[in-house]
Amino acid sequence: MAGIKSCGAYIPLWRLSRDTVSAAWGGRSLGGERSVANWDEDSLTMATEAAFNCISGLDRQGIGSVYFASTTAPYKEKQCAAIIASALDLSNEVFSVDFSNSLRSGTNALRAAIAAANGGSEGDILLVASDVRLGTPRTPDEQTFGDGAAAILIGSGGVAVEIERMHSVSADIADVWRKDGDTFVQSWEDRWVMLQGYTRNMKAAISSMMKKQGLSPKDFAKVVLYSPDAKSHLDIARSLGFDPKEQVQEPLIGQAGNL
């Protein structure tokens, strides 16, 4: 069964206090800080750093594919996955793919990697997700967005974590978007984004998965949920019967931001 063989990450050294951001325009501070890419960093350089961290000490000859997922790729017409493969000194026969244009790019790439591994893909799949998103000035996004990258190595043998089941829901919602040519991420009215978008779809996906597998909240030692802020994932966990204090993983919103 396919699963995760190794993982890696990269978060920039620089931090920006949310008090500093809010003081600049007289808004309310959300507390904590966010990670900030340096002037010579972007989603591609951070992805490469995370990839190096992921495969450190491993045999690179076993990697057959490189997947890069991002909404902020530095090139409109140039494949970033190929650049990462080159920087890692992988074989020129490696299969390289870019996933983009959606915050689901990372999980879409993961699903594709698992399918490829279970289907007998030649070699392991190195998947890297990275973003440097800019929130519109004077909005909560300016305070909460963080910069960083994560990498995982997917394969069908010698895995550390087996991925037993995957489930998703699809819905066209007016939540966040950035048109071609836009510098900043835009969003709709917050209650619509959270209640009709994030909360409804997260609960639907999680509850459906547990129902199909015959699982209940007590069957889980740890639950890891994406969250755009420090509290929304806790509300979802609580409504589904999980203990927010004992079972839910801290998402580091206060230390690194919404990555």
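Start by selecting K76 and D180: their side chains meet in a salt bridge, 3.2 Å from N to O. A salt bridge here is a side-chain nitrogen of Lys or Arg within 4 Å of a carboxyl oxygen of Asp or Glu. Side chains of opposite charge can pair when their charged atoms come close.

Before moving on, a word about what you have open. This is a predicted model, in which local features need pLDDT of at least 70 and side-chain atom pairs count only at pLDDT 80 or more, while totals for chains, interfaces and linings use all residues. Residues are numbered from 1 along each chain as its sequence is written, and side-chain values use heavy atoms, with hydrogens and water left out.

Are K76 and D180 buried or exposed? K76 counts as exposed at 70% relative accessibility, and D180 counts as exposed at 70% as well. (Buried means under 20% relative accessible area, exposed over 50%, and partly exposed in between, with a 1.4 Å probe and protein chains only.)

How many salt bridges does the rule give? The count comes to six. Another one to pick out is E33 with R15, where the closest N and O atoms are 3.9 Å apart. E33 belongs to strand β3 (residues 33-35) and R15 to strand β2 (residues 15-17), so this pair ties together parts 18 residues apart in sequence. E33 is partly exposed, at 31% relative accessible area, and R15 is partly exposed too, at 35%.

Now jump to K218 and D219, whose side chains form a salt bridge at 3.7 Å, N to O. K218 is exposed, with a relative accessible area of 73%, whereas D219 is partly exposed at 41%.

**Along helix α6**

Next, select residues 190-213, which make up helix α6. Its 24 residues should span 34 Å at 1.5 Å a residue, and the end C-alpha atoms are 33 Å apart, which agrees. (The expected span is 1.5 Å times one less than the number of residues.)

Where is the kink in α6 centred? Look at R200, where the kink is about 25°. The bend at a residue is the angle between axes fitted to the seven residues ending there and the seven starting there.

Colour the buried residues of α6, among them V193, G197, Y198, N201 and A205. They pack against α7 (232-239). An α-helix has 3.6 residues a turn, so residues three or four places apart point the same way. Just after α6, stop at G214, which takes a positive phi of about 65°.

Go to P12, in the loop between β1 (3-10) and β2. P12 counts as buried, at 1% relative accessibility. Show its neighbours: P12 touches S35, V36, A37, E41, M46, D147 and G148, leaving out residues up to four places away in sequence. Contact means heavy atoms within 4.5 Å. P12 and D147 are 135 residues apart in sequence, yet their C-alpha atoms are 7.1 Å apart.

Then select S130, in strand β6 (residues 124-131). S130 is buried, with a relative accessible area of 3%. What lies 2.7 Å from a polar atom of its side chain? The backbone oxygen of S43 does. A polar contact is a pair of N or O atoms within 3.5 Å; within protein, one must be able to donate a hydrogen and the other to accept it, and residues adjacent in sequence count only if both atoms are side-chain atoms. S130 also has a list of touching residues that includes M46, F68, T72 and G148.

**Cysteines and a last loop**

Select C7 and C54. The structure holds zero disulfides, a disulfide being a pair of cysteine sulfur atoms within 2.5 Å. The sulfur of C54 is 6.6 Å from the closest cysteine sulfur, in C7, too far for a bond. C7 is exposed, at 56% relative accessible area, while C54 is buried, at 1%.

Finish at D89, in the loop between α3 and β5 (95-100). D89 counts as exposed, at 61% relative accessibility.

Key
Helices (H or I, at least four residues) and strands (E, at least two) are DSSP runs, numbered from the N terminus.
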